[in-house]
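Please consult the sequence and the structure while reading.

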Amino acid sequence: MNVTQVSQACQSLIDSARNNAAEKNGATASAERNYATTMNENFIPDWFSYEATDVSDEGKIVKAEKEKFYKALHESHHNKKHPNPSTVWARVRGFGNVAQHGVEETTGAKHGKSPDLRITDDLVPLYKFLKRQDSLSDKQSIVLMYVGSALREGMGMDLNLIESGK
């Protein structure tokens with residue numbers, strides 16, 4: 001695919017998916033996912049990775065598509081002014097990234113996390129918190145045991161290093 005010109009057939013598919021996503025206006029994520037998937041299949045590779053400030057030819061084409069999407073969102077909104085099109089565009093970009101690379105993004109994150117990193121980021125602070133408590137109920141003690149086991153056995157972490165803060 002030529003970077004400076006998207007074929008007319010592909011553009012028609014993108015236009016249709018864009019307009020459908022804008023008309024749904026966040027009521028259904030499936031329209032936004034479909035738009036993202038259509039972009040993945042018919043647009044610039046890894047289009048979702050281009051930032052608004054990118055001045056490359058590809059970045060300019062992605063920015064033009066984003067502006068078309070914003071315009072469609074505004075036109076389809078009940079008062080003709082969508083309150084936050086950048087949030088919807090960010091969601092579409094996230095769906096494109098997940099569909100292309102299979103990496104789930106977390107809320108507020110710029111890039112997706114690997115499952116190992118997500119497990120570590122979530123369980124280590126929980127383990128430390130539970131270990132700092134003066135007393136735990138029976139249920140909480142069981143949770144501590146399983147979290148410790150998951151970190152030690154599942155992730156191969158040394159619990160002594162976690163407890164020492166290293």
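Q: What share of the protein chain counts as buried?
A: Of the 166 residues of the protein chain, 31% count as buried, a term that stands for a relative accessible area under 20%, with exposed meaning over 50% and partly exposed in between (1.4 Å probe, protein chains only). The model is predicted: local features need pLDDT of at least 70 and side-chain atom pairs count only at pLDDT 80 or more, while totals for chains, interfaces and linings use all residues. Residues are numbered from 1 along each chain as its sequence is written, and side-chain values use heavy atoms, with hydrogens and water left out.

Q: What is the secondary structure of the protein chain?
A: The protein chain has 7 helices and 0 strands; helices (H or I, at least four residues) and strands (E, at least two) are DSSP runs, numbered from the N terminus. Along the sequence the pattern reads α-α-α-α-α-α-α.

Q: Why is α3 called oblique to α4?
A: Helix α3 (residues 57-76) packs against helix α4 (residues 85-101) at an angle of about 125°, and their axes are 10 Å apart. Angles under 35 degrees count as roughly parallel, over 145 as roughly antiparallel, 65 to 115 as roughly perpendicular and the rest as oblique, so α3 is oblique to α4. The axes are lines fitted to C-alpha atoms, for helices over the stretch in contact, and angles run from 0 to 180 degrees between N-to-C directions.

Q: Which residues of α3 and α4 meet?
A: Val62, Glu65, Lys66, Phe69, Tyr70, Leu73 and His74 in α3 meet Pro85, Ser86, Val88, Trp89 and Val92 in α4, where contact means heavy atoms within 4.5 Å. By class, this contact of α3 with α4 has 8 nonpolar, 2 polar and 2 charged residues. Ala, Val, Leu, Ile, Met, Phe, Trp, Tyr, Cys and Pro count as nonpolar, Asp, Glu, Lys and Arg as charged, and the others, Gly among them, as polar.

Q: What makes α1 and α3 oblique to each other?
A: The axes of helix α1 (residues 8-24) and α3 cross at roughly 40° and come within 8 Å. The two helices are therefore oblique to each other. The contact involves Gln11, Ile14, Arg18, Asn19, Ala21, Ala22 and Glu23 of α1, together with Glu65, Lys68, Phe69, Ala72, Leu73 and Ser76 of α3. Its classes are 6 nonpolar, 3 polar and 4 charged residues.

Q: How do you know whether Lys80 is buried or exposed?
A: Lys80 has a relative accessible area of 55%, and is therefore exposed. Lys80 lies in the loop between α3 and α4 and has a positive phi of about 65° although it is not a glycine. Most residues other than glycine have a negative phi.

Q: Why is Asp46 called partly exposed?
A: The relative accessible area of Asp46 is 31%, so Asp46 is partly exposed. Its place is the loop between α2 (29-42) and α3, and its phi is positive, about 55°, although Asp46 is not a glycine.

Q: What makes Met157 partly exposed, and which residues does Met157 touch?
A: Met157 has a relative accessible area of 23%, and therefore is partly exposed. Met157 lies in the loop between α6 (138-154) and α7 (159-164). Not counting residues up to four places away in sequence, Met157 touches Thr120, Val124, Leu151, Arg152 and Ile162. The C-alpha atoms of Met157 and Thr120, 37 residues apart along the chain, are separated by 9.5 Å.
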